[in-house]
Amino acid sequence: MPTFNLKINNKAYTVEAEMDTPLLWVLRDHLNLVGTKFGCGIGQCGACTVHVEGNAMRSCLIQVSQSEGMNITTIEGLSEEGDHPVQQAWKEVDVPQCGYCQSGQIMTASAFLNKNSNPSETEIRNAMHGNICRCASYNSIEKAVKVAADKIK
Amino acid sequence: MTPSKQSNFSRRSFLKTSALASGGMLIGFNLFNACKSDAKVPVDISQLNFNDFNAFIKISNEGKVTIFSINPEIGQGVKTSMPMIIAEELDVPWDDVYVQQAPLDTKNFNNQVAGGSQSIRQNWEPLRQTGATAKQMLVNAAAARWGVSPSECTAKQGVITNSKGDKLGYGDVVLEAAAMQVPENVTLKDPKDFTIIGKGTSNVDIDGIITGKPLFGLDYKEEGMLYASVLRPPAFGQVLESFDATAAKAIPGVIDVITIGEKARNFLSKGYVSWTATLSGTDKVVVIAKTTWDAIKGKKAIKAVWKDESPLESTEFHNKTLLDLLDGTSFKTMRSDGDIDKAFAEADEVLERTYESSFLPHNTMEPMNFFANVSADKIHLVGPTQTPEEVAKSVAVLLDRNVDDIYVEMTRMGGGFGRRLYSDFALEAAEISNTIMKPVKMVSTREDDMTTGVYRPATKYRIKASIKNGEISGYQLKEAAVGGNMYGLIPNFFPAAAISNYQVDVANYNSNITTGAWRAPYTNFLANAEQSFFDELAELMGVDRVQLHLDLLEKAKQNLDPKIEYIPERLQGVIKLATEKANWGHAKEGVYQGFSVYYCHNSHVAEVADIVMNNGLPEVKKVTVAVDCGVVVNPLGAKNQVAGGVIDGIGHALYGELTFNNGIPQSNNFDTYQLIRMGQTPQVDIHFVDSDIAPTGLGEPTLPPVGAAVANAIYKATGQRLTKQPYINHIKVEKILS
Ligand code: FES
Ligand code: FES
C-alpha cells in the first residue's frame, strides 16, 4: 500500500492507505481524529468539513493522495484550548442538540469568518447553507455566527 | 378534569447512602422502584452497581457534586435537565455540579431510563425528592454537630447556616450525613424559589462537542477492532440468491467476506418481529476490513444476485391501495360518540377532504452503527441505542447466550427521531462478531441507512364534517396507513369531546416495507391533516378560524369523559398567547399568516406561520410558537427543542418524500432526498406559558402542527388548499393571486 505524508494541525503524519481513500477516513480511522464526522460521503452535508489551506473543504471528497503537502486543520486543531471565537460563540449560544453536525458547522463558519468578519444576515445564511443539521439548530447557528463575528471584529 | 397530571411517585425506600473510602458521601437512588432491602451503596466509587440503584450522587469533601446519570443523550437535553432538577432541590451552585454518563447495566433493566420526551415528566417528582432528601440529611448532620434542631438550620448554595449564624459547607458534614437515617418526609422548594430550574444552562457535553471529542457511537474504538460493511437486498421483498466476492477480496484492506442471516432467521422464528429490512431473514454479505473505507469499497465490489421472495411494491400501488381502503368498509372503529351517520344525513352542509403523505426515512445525522465483541465468556456491545434493554435481551436470544454475560454501553447519539428505538443494527453487529469472533464495528453508509430503514408509514386521512345551524354537528376521521399508524390514545385527542357526533376509523395495509416510530409518531401527519381541515371548515362556516377553536374548546370543557387526553384550558391558553405574540390578523402587506394548534406528547402547542411569496414559491419567514409544557426546566435546551421541532416539521411537510419503485427506495442520499437547510429556515419566535405543573415533552409536540400552519398560510397567499405532502410538489405556481 502506498504511503502519504500529511500535515494536519501543524503536525506531520505518515499514513499507509489506498490512493483513493477519502481524507475523511484517513483522519477518522488511521489518525484517530474523529471530530471530523461522516454524514453522507458525497459532499452534500458538510459534516466532514475541514480547512485545507484555510478553505472549508469536504474531506469526504478529497482523496488522501491529493492532500499531501497541504496544510490541513481539523476541529481538534482549530484552537489549542477549544476557545476559538467560533467555539466560544457556539458555547455561549448553546448551539448543539445532538451535536453530530456541529464540528462541520464550526469549521465552515470559522473559514467563512476568516474571509468576511463583518457578514450580513444573507451572507451568513448563504455561507452555512451547505451544512445540514438534522436537529435543525439553524436559528442558533445563525445567531452564533453573528456572535462570533462580533468577537473577531 | 384536573389541570395537571400528578406523577405517581410514592415515597418508599428509594435512597441509600455510604461514606466513600476516598472521602465524601455517595448516594444511590432509584427513580422507579424501591431499593432492594439488601442493596448496598459501595464505598469505592469504581464499584458503582447500577443493578441496585439507577443513579448515584457523589458529594466530595469539598462540596463538589458529581451526578452519575444513566440517561443517554439523543439531542433532547435530558442529560442536562435531569441533573438540574436534583441540583435545584439539593441546593448547590450549578458550577459545582458535574455530570458523568454511567455505563448501562444489562441485568436489571426495569431500572433504566432511556431518555426521550417522556422521561422528564415521569422523573420530575422523584428527582426533586432525591435532591431534597440528600439536602435534609446534610442539614440533619450539621444540626447534630451543633447540637441544635434541624428546623433551626437552613441550607442554600451548598452552605448550611444555623440561627446563630454559624456556617458549615456540605463537604464538611458529608461523612456524618452518610451515616444518618434517611428522612421519610422532606419539603420540596416552592417553584418561585428555583434558582437553577428555569435558568438557561448549557448542554453538559458542550466542550466535548465543540472540540470534536469522541462522544458518538461512530467514534468508539478498541484495540484490534475491525470494520464491517453489510450488503443488504436492494429492494424490499428480495433475498440473496448468490454472490461473487472475488473482486472484493482483492482489495488490500479487506480481510474477509462472510455471510450472516442464519441467527437472525432463527431469532425471527422464535416469534420476534422483523423491525427492518436489515432483519428480514435474508442472508447478507458482510465485508470485514481494516478501515471503514476498505469495508465500503469492498462492499461495492461484491457482485450479488437477488431473488424476489414477496411482491415488490411501488408508490402507485401504495396510493391506490390506501385510497381503496378509504373508499371501502374494512375499518376498525377506535372511538364513536353519538350518531355520525345521522349527523351527516341531517346536515345543512358537509365538507370532506382527503390528505396524503409519503413514507419518510429518519436520516439521523449519524448513520446506524454498532460495536460488538463476542467472545466465549462475554459479549460487549457499544453504540448509539435508545433501547439498551432490548439490545441485550435480543442479542441473548439471537446468539443463545445468557443475558448476564452481555454488557451494553451507550454512547451519545447523533440524532434519534425514533430510529434508534429499533435494535437491528446491534443485532447485525453481534451476529458479525459472533461469526468472526473478533471485535468489530458495523458501519452503515448514508445509502444503507436511507434504503433499509424503518420508515414513517405513508398514510392517508379522510376527514368529513357536517354543519347544522351554523355549528359543527359531526366529525369523522378515517385513516388508511401502510403498516398501521394510529394507536390507542389519539382518538381521544381534540376534537373528541368538542363535537357530539364523532367517530375515528382506521384501516391498514401490511406491506413488506418496514415502518415504525418517527418523531412524534402517529400525529406528525395527522395534525397537518386535521388543522388544514379546520381552516377550510371555518372558512365554509364563515367564522373566524381562531374563534372557532376557542368555542369548540369551551364545549369540550363540559365533557367530563376521563379518556379525553387534552386539557381545553391549556389549549385555549396557547392559542391566545400565540395569536397575540404573532399579531394574528394584522399581518403586514405581502405577509400571509396561517394558524394551527395541537396537543400531543402531553404538551399543548399553538403556532402561527408567516410566509411571503418569492418567485411563486412560499418562503416561511417566521413561526410564532406558544408552548405549554409545564415547568420549563432548562429554557436554553427547551428553546433548541422547540425550534428544532418546528423547522424539522416544516422541512418534512414541504420536502420530505421517499417513493418506491419495485421495492427499491428512490432516494438514497442527500442529493436525492431534500432536508431543510439554513436558507429555507424561518426565525422561530418561542413563548412558554408560565406554569408550575410537572414538565411534559418537548422533543416532539411542536412538530406535528406546523405543516398545517404553513399550508394555511400558503392558502391565504395563493388560494390553493394543499392536501398532499410534500407540499412543494403540489404548489401550482400560476395560482398566485398577487
Ligand atoms: S460527509 Fe462529507 S459532505 Fe457529507
Ligand atoms: S445538532 Fe444534531 S445534526 Fe446538528
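Where is the place of Ala136(A) in chain A? I found Ala136(A) in the loop between helix 5 and helix 6 of chain A. Helices here are DSSP runs of H or I with at least four residues, strands are runs of E with at least two, and both are numbered from the N terminus.

**Ground rules.** I am working on a predicted model, where local features need pLDDT of at least 70, side-chain atom pairs count only at pLDDT 80 or more, and totals for chains, interfaces and linings use all residues. Residues are numbered from 1 along each chain as its sequence is written, chains are lettered from A and ligands numbered from 1 in the order in which they are written, and side-chain values use heavy atoms, with hydrogens and water left out.

I began with phi at Ala136(A). Its value is near 60°, positive in a residue other than glycine. Ala136(A) counts as buried, at 2% relative accessibility. Buried means under 20% relative accessible area, exposed means over 50%, and partly exposed lies in between (1.4 Å probe, protein chains only).

I then turned to Gln157(B). Phi of this residue is near 50°, again positive in a residue other than glycine. Gln157(B) sits in the loop between strand 6 (154-156) and strand 7 (159-161) of chain B. Its relative accessibility is 39%, so Gln157(B) is partly exposed.

Next I looked up cis peptide bonds. One runs from Phe494(B) to Pro495(B), with omega near 5°. Pro495(B) belongs to the loop between strand 21 (471-482) and strand 22 (501-509) of chain B. Another cis bond joins Gln725(B) and Pro726(B), with omega about 0°. I placed Pro726(B) in the segment after helix 17 (703-718) of chain B.

**The interface of chains A and B.** How many residues of chain A are in contact with chain B? I noted 49 residues of chain A in contact with 64 residues of chain B. Contact means heavy atoms within 4.5 Å.

The size of an interface is often given as the accessible area lost when the parts come together. Here the buried area is about 4800 Å², and carbon and sulfur atoms give 57% of it. That area is what the two parts lose on being put together, taken with a 1.4 Å probe and summed over both.

I counted salt bridges next. There are six between chain A and chain B. The rule asks for a side-chain nitrogen of Lys or Arg within 4 Å of a carboxyl oxygen of Asp or Glu. One that I looked up pairs Lys91(A) with Asp207(B), at 2.7 Å, N to O.

Several helices of chain A each supply at least two residues of the side that touches chain B, including helix 3 (85-93) and helix 4 (102-115). Helix 6 of chain A gives the largest share of that side, five residues.

**Ser79(A).** I found Ser79(A) in the loop between strand 5 (71-73) and helix 3 of chain A. Ser79(A) is buried, with a relative accessible area of 14%. Which residues does Ser79(A) touch, not counting residues up to four places away in sequence? They are His84(A) and Gln87(A). The side chains of Ser79(A) and Gln87(A) make a polar contact of 2.6 Å. A polar atom of the Ser79(A) side chain also lies 3.4 Å from the backbone nitrogen of His84(A).

**Two isoleucines of chain B.** Ile27(B) lies in strand 2 (residues 25-29). Its relative accessible area is 0%, so Ile27(B) is buried. Beyond four places in sequence, its contacts include Leu15(B), Phe56(B), Ile59(B) and Ala134(B). From Ile27(B) to Ile59(B) I noted 8.3 Å between C-alpha atoms, at 32 residues apart along the chain.

Ile260(B) is in strand 11 (residues 254-260) of chain B. Ile260(B) is buried too, with a relative accessible area of 2%. Outside four places in sequence, Ile260(B) touches Thr282(B), Val286(B) and Ile432(B), among others.

Note on methods:
Polar contact = N/O pair within 3.5 Å; in protein donor to acceptor, adjacent residues only side chain to side chain.
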